[in-house]
Amino acid sequence: ETTYEETPACDGGLSFGDIRIIKPHPTEDECVELIQNGAVDGASHGSDPTTHWLHRSGFTYAAEGMGVDGGDALATQGQLAQYLDQRCFELNFGRSYEITAMVKLSDNLETGEAYNCNPAIEICPEIGVIAYGDTFTNLVEPAATMVMGEPDAYGYQQVEGVVDISTHMRDAYGILFYIARNRDDLYLFIDNVSMKLLPDATPTCENELVQNGDFSSGNTRYWRAYFFNQGVFSAEPGRGGATDTALMSSGHNAQTSIDPTCLLPNQRYEVVAKYRLFHKAEPDVQVSDYPGPDVQLLGDESEIVARTTGEKTSDGWDQLYGHFVADEWKTDLSDSLRLIFRKGGDYFNVLDDVSVTPISNSCDQLIVNGDMELGHRVFWVGR
């Protein structure tokens, strides 16, 4: 004989929807540095140096004593990555993070003997950030690129870049930070990885809109490449001589961001820059190829805002010049506008003294550059 117990009463039990996951709000201090275990220390001290890190293909290897200054490092045959705290992108929406990392390529996993990667002529390691949303996947590639220069005493080279927090990052449910090896024939070693919040240097919006446009900081802060595998680098000398710094791109596109909230509706702005072109086949010989670079303003729409003037400065630099009006599509943006310097062909492009400033609105003279003092190519077209 089979008997069954009566169905127990479940009054007061859990029902669908009764469980809620509470996402605590982060503190400001928790969101200053986003990379966990960026120093990858621990392999020599009994802890796991791979904590917080994952690999995208390949494997992750604890390289004891093979990091910067003889510390520990991580190595991989693929890409190394970690997920970032998305709450920090909500907290710091509109601000910027600076990415830095020390990386090394090697064909020997045991010795770590360094291969010196030259980003001017070959593809080198880069860093990207991917924001995953319910209806989008947004990629910032590259977010940081290798800086030209000799490796340190341990064979490591620096990768750096700046990322602006966009609406995609703010609204994402997950954000992946990854370091791409970009070389199938070599191992990648990493150490001292950081993604740190930059000071909230809110522009006054009264005059200059381009940050680090004269590159006097000696680095590429606020600038990055437009295409993946086309690096942007600091280079010397700039217009100020041997102690000055300009920006050199080994590809043909470099970009920076402009805060659209700084633009006054219907205000006219002036775009100026100096540049020099060098063909990769003869990198020591300056060329004046026409058409030269142009400058594009990119948001929900795009507009060419400056072109080469065809005139040189007294110290031999070519010039870019143009105007634009802050119409509706430029001012009604939640994300940054991008100012992109474009030049097709196999060139090194060196930029200096980049500036975007407001100019007075005047109807006294309707013809711009009527005296040709800005060069015959500015505001004039053939028909």
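# Reading rings, cavities and buried residues in a predicted model

Ser-355 is found in strand E22, residues 347-358; strands (E, at least two residues) and helices (H or I, at least four) are DSSP runs, numbered from the N terminus. This is a predicted model, in which local features need pLDDT of at least 70, side-chain atom pairs count only at pLDDT 80 or more, and totals for chains, interfaces and linings use all residues. Residues are numbered from 1 along each chain as its sequence is written, and side-chain values use heavy atoms, with hydrogens and water left out.

Q: Is Ser-355 buried or exposed, and which side chain does Ser-355 join in a polar contact?

A: Buried means under 20% relative accessible area, exposed over 50%, and partly exposed in between (1.4 Å probe, protein chains only). Ser-355 is buried because its relative accessible area is 14%. A polar contact is a pair of N or O atoms within 3.5 Å; within protein, one must be able to donate a hydrogen and the other to accept it, and residues adjacent in sequence count only if both atoms are side-chain atoms. The side chains of Ser-355 and Glu-208 are joined by such a contact of 2.5 Å.

Q: How many aromatic pairs are there?

A: A pair of aromatic rings is described by the distance of the centres and the angle of the planes. Rings of Phe, Tyr and Trp (its six-membered ring) pair if their centres lie within 6.5 Å; planes under 30 degrees apart count as stacked, over 60 as edge-to-face and the rest as tilted. The count by this rule is four aromatic pairs. One of them, Trp-223 with Phe-341, is tilted, at 5.8 Å centre to centre and 45° between the planes. This pair links distant parts of the chain, with Trp-223 in strand E12 (residues 223-225) and Phe-341 in strand E21 (residues 337-342), 118 residues apart. Both Trp-223 and Phe-341 are buried. Tyr-269 and Phe-324 form a stacked pair, with 5.5 Å between centres and 20° between the planes. Phe-215, Trp-223 and Phe-341 form one aromatic cluster.

Q: Which charged residues lie over the face of a ring?

A: A charge sits over a ring if NZ of Lys or CZ of Arg is within 6 Å of the ring centre and within 35 degrees of the ring normal. Lys-104 lies over the face of Phe-189, at 5.0 Å from the ring centre. Arg-276 lies over the face of Trp-317, at 5.3 Å from the ring centre.

Q: What lines the largest cavity?

A: Rolling a probe the size of a water molecule over the atoms shows where empty space is left. On a 1 Å grid over the protein atoms alone, a cavity is a set of points where a 1.4 Å probe fits but cannot get out, and lining residues have an atom within 4 Å of a point. Grid points are joined across faces, edges and corners, and a volume is the space filled by probe spheres set on the points. The structure holds two cavities of 30 Å³ or more, and the largest cavity has about 40 Å³ of space. Eleven residues line the largest cavity, with Thr-145, Glu-160, Gly-161, Trp-223 and Arg-224 nearest its centre. Strand E8 (137-146) gives the largest share of this lining, four residues.

Q: Where is Asp-353, and what is its phi?

A: Asp-353 is placed in strand E22. Although it is not a glycine, Asp-353 has a positive phi of about 50°. Asp-353 counts as partly exposed because its relative accessibility is 25%.

Definitions and conventions:
1 Å grid on protein atoms, 1.4 Å probe; cavity = no way out; pocket = protein on both sides within 12 Å on 5 of 7 lines; lining within 4 Å.
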